Amino acid sequence: MKDTHSSGAAEQPSVDAPQLVQGLGLFSATAIVMGSMIGSGIFIVSAEMSRTLGSPALLMAAWLLTAGMTLIGALSYGELAAMMPRAGGQYVYLREALGPMWGFLYGWTLFLVIQTGTIAAVGVAFGKFLGVFFPSINGQHWLWHIGHVPAWQVGPVVLGNMDLGLNTVNLAAVVILVLLTALNARGVQLGAAVQNVFTSAKVLALLAVVAVGTLVRSPAALAANFGAGWHAFWAGSGWHTLHAVQVGAGGPVAYVGVLTVVAVVQVGSLFSSDAWNNVTFTAGEIRNPRRNLPLALAVGTGVVLALYMLCNLVYLSVLPMTGDPAATTLAGRGVQYAAQDRVATAVMESAFGGLGARLMAAAILVSTFGCVNGMLLAGARVYYAMSRDGLFFARVGRLSPRTHAPVSSLWVQCLWSCLLCLTGSYGQLLDYVIFAVLVFYVLTIAGLFVLRRTRPHAERPYRAWGYPVLPAVYIVLASWICVVLLRYKPQFTWPGLIIVLLGVPVYWVWKRVGRSRPA
């Protein structure tokens, strides 16, 4: 196998081999963008963010930064997607712009942690909220408890501290993973139909939270978070205000300025807004991809991010931002100390009492179910593309002659995700990946500049809006966040970087194996 892929020849199947079916229209592509983005994060991460920021203005500023960066990233990816509408998406862009090893490192991290870890975490979240309706489904109801891995602190990083085995929560996660994998193995049209239904339901659920929150606005919360002349809104957001940030797990407390603390909390908001790039993985199955991919990216991310901003305004309109963890009322706990960080649930309880918690649990069940489906559907296409390049198991690069779906790729992804559910390691892995995700976004958008220089005459049906300024702004902002996280959140960053670098020797092994593989 050559070190360059300018022709993309490694991806081309033989004439007699089954090929991917272009069965996804604009609506389905947009549903994949939105469905993959909307998990359970938007309903909970604002609590931890508000504890760190301590200011309503900074909470909204942090989400505004996330929205701006995500939109710029989506608009930049639109050019690459229209230029190279192939299965594998971001893997292909990195391979073509920077070389095959960079594409492999992305695919390696995606399979090992990013995609499968997220699938496992969202699947377990589904199980936890299912327990609201069926109390026998809980994390302490063990069917097979292998044992507990004790905590092991290595510098600023704490490893272990997890239970191995099968309980009713991760059993529920395994069941939906297997069910949805089986559905997607029957063809992209069925997977897309499921995605369309559940994405529509998720958007309605978010709109319901916004509508309910607007109707039950609390005068006390409005006074505490905004005040006369918005004085309370801006409190604690001055340039000279210092904010406490703990460095590492159990490390010292550092006092940082506004720009730094907003960068620190991006771990939560960026992760909750991630996975919008999943639609690029399915490019080989999208009708008229040169038009529909950029549109799906722009519309899907724009709608979701607008809803996220509205949700946070609703939180501040219903609950005071500051609170007391020992308080016994919803208002007393505030946004900062909402029970189990479930801010959206507290908003719904304000309107409907105990019924609100059940309504919110139902909404999150719909949200997590659709998110898992979208990520299962999309992720398998990356491993399929890697296998076609000789960089993954050979069988993964084959399509079903009946359904034209990458069935083996889907089941390999399902198996690894289920194992992560059983080990309980998905939570730590997800903490580690946001840094790696940002690094790959920076590299991919840098690849946009590289391809403009190396392939100036390539067909570009869509050109990145605001190029070169906006893509450069993204690179600067994301790089700044990476530097801040390396300094103040080493427990998240260094393990993620190590996971990526471990892929380098694996790449050379796969490359050797790929060379010896018969065509």
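Me: How many cavities of 30 Å³ or more does the structure hold?

Reply: One. Bear in mind that this is a predicted model. The volume of the largest cavity is about 90 Å³.

Me: What makes this space a cavity and not a pocket?

Reply: A cavity is a set of points where a 1.4 Å probe fits but cannot get out, whereas a pocket is an open set.

Me: Which residues line the largest cavity, and which helix gives the most to that lining?

Reply: The lining includes Met-69, Thr-70, Asp-274, Trp-276, Tyr-441 and Tyr-474. Helix H18 gives the most, with four residues. Helix H3 (56-83) and helix H18 (426-454) each supply at least two.

Me: Why is the pair of Phe-126 and Phe-369 called tilted?

Reply: Two values decide. The ring centres are 6.1 Å apart, and rings pair if their centres lie within 6.5 Å. The planes stand at 50°. Stacked needs under 30 degrees and edge-to-face needs over 60, and the rest count as tilted. So the pair is tilted.

Me: What does that pair tie together?

Reply: Phe-126 lies in helix H5 (residues 100-130) and Phe-369 in helix H16, so the pair ties together parts that are 243 residues apart in sequence.

Me: What makes Phe-198 and Phe-369 an aromatic pair, and of which kind?

Reply: Their rings are 4.6 Å apart, centre to centre. The limit is 6.5 Å. The angle between the planes is 35°, and that falls in neither the stacked range (under 30) nor the edge-to-face range (over 60), so tilted applies. Phe-198 lies in helix H7 (residues 188-215), so here the parts tied together are 171 residues apart in sequence.

Me: How do you know that the charged end of Arg-452 sits over the ring of Tyr-467?

Reply: The distance to the ring centre is 3.8 Å. The rule asks for within 6 Å, and also within 35 degrees of the ring normal. Arg-487 likewise lies over the face of Tyr-488, at 4.7 Å from the ring centre.

Me: Which residues touch the most other members of the largest nonpolar core?

Reply: Leu-53 and Tyr-315, in a core of 158 residues. Helix H16 (residues 354-388) gives the most to this core, with 16 residues.

Conventions: Residues are numbered from 1 along each chain as its sequence is written. This is a predicted model: local features need pLDDT of at least 70, side-chain atom pairs count only at pLDDT 80 or more; totals for chains, interfaces and linings use all residues. Side-chain values use heavy atoms; hydrogens and water are left out. A nonpolar core is a set of buried Ala, Val, Leu, Ile, Met, Phe, Trp, Tyr and Cys residues joined through side-chain atoms within 4.5 Å. Buried means under 20% relative accessible area, exposed over 50%, partly exposed in between (1.4 Å probe, protein chains only). Rings of Phe, Tyr and Trp (its six-membered ring) pair if their centres lie within 6.5 Å; planes under 30 degrees apart count as stacked, over 60 as edge-to-face and the rest as tilted. On a 1 Å grid over the protein atoms alone, a cavity is a set of points where a 1.4 Å probe fits but cannot get out, and a pocket is an open set with protein on both sides within 12 Å along at least five of seven lines; lining residues have an atom within 4 Å of a point. Grid points are joined across faces, edges and corners, and a volume is the space filled by probe spheres set on the points.
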